[in-house]
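Please read the following report alongside the sequence and the coordinates.

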Amino acid sequence: MVHSLYQSLNNLETIYADRIGIRYYDEAKGGVVEVPFRQYAADLRRFVAFLRSRTPNPLGQRVAILARNSYQYVICMYGTVIAGAVAVPLNLGKDWDAISYELGLTEPVCILHDGEFAEREPELEKAYGSILQPMDAFSAYEPAQDVTEVEDLSALAFIMFTSGTTGRSKGVMLSQKNL
């Protein structure tokens, strides 16, 4: 039985390596892209190497993800948790006031984005330009081979914000064990 994302990563690389793990439509290529689990696992390890280059000890550090759903989004989300950091997915549909509030609460070491929100809200670049990173930045890195199990599966792994329909949004905290 798999109890963590790290154990899942190991299974992807050993048991299911040659099976297609993800299929998605790539607008730029105008077709369906198939990603075998071997590539998916390598990209997760690339992300860990990228995150370690930004913050040498990512354990417990918050990484905000402000982008549309995509293959890179999945890599950023799960790669963050595998690295021992805390993934903070943010809702692109919110306005600058709501996003800046959530960023202020979480104090991320890195904000991964696809450019869509930054184009609509230039305040993001002004306020957080030094920690903004394109969400596909991990692709330039070699896969980290020394990834290990997070010691405490009850430690914070995700902060998910509510919609804020009854006032300011609230952060819901999840661990890998909760997941």
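Predicted model: local features only at pLDDT ≥ 70, side-chain atom pairs only at ≥ 80, totals over all residues.

Residues are numbered from 1 along each chain as its sequence is written, and side-chain values use heavy atoms, with hydrogens and water left out.

Helices (H or I, at least four residues) and strands (E, at least two) are DSSP runs, numbered from the N terminus. The axes of helix α1 (residues 5–14) and helix α3 (residues 71–82) cross at roughly 115 degrees and come within 9 Å. Axes are lines fitted to C-alpha atoms, for helices over the stretch in contact, and angles run from 0 to 180 degrees between N-to-C directions. The two helices α1 and α3 are therefore roughly perpendicular (65 to 115 degrees). Leu-5, Tyr-6 and Leu-9 of α1 meet Tyr-78, Val-81 and Ile-82 of α3, where contact means heavy atoms within 4.5 Å.

Strand β1 (residues 20–26) pairs with strand β2 (residues 31–36) in the antiparallel sense over six bridges; strands pair if DSSP finds at least two bridges between them. Tyr-24 has Val-33 in β2 as its bridge partner. The hairpin of β1 and β2 has four residues between the strands, and Gly-30 there takes a positive phi near 70 degrees.

| Residue | Relative accessibility |
|---|---|
| Gln-176 | 8% |
| Arg-45 | 7% |
| Trp-96 | 17% |

Gln-176 sits in the segment after β8 (171–175). A polar atom of the Gln-176 side chain lies 2.9 Å from the backbone nitrogen of Leu-5. A polar contact is a pair of N or O atoms within 3.5 Å; within protein, one must be able to donate a hydrogen and the other to accept it, and residues adjacent in sequence count only if both atoms are side-chain atoms. Beyond four places in sequence, the contacts of Gln-176 include Ser-4, Leu-5 and Val-81.

Arg-45 belongs to helix α2 (residues 37–54), and its side chain reaches the backbone oxygen of Ala-144 at 3.0 Å. Among the residues Arg-45 touches beyond four places in sequence are Leu-9, Asn-10 and Glu-13.

Trp-96 is in helix α4 (residues 96–106). Residues touched by Trp-96 beyond four places in sequence include Phe-117, Leu-124 and Tyr-128.

Conventions. Parallel < 35°, antiparallel > 145°, perpendicular 65-115°, else oblique. Buried < 20%, exposed > 50% of the residue type's maximum accessible area, 1.4 Å probe, protein only.
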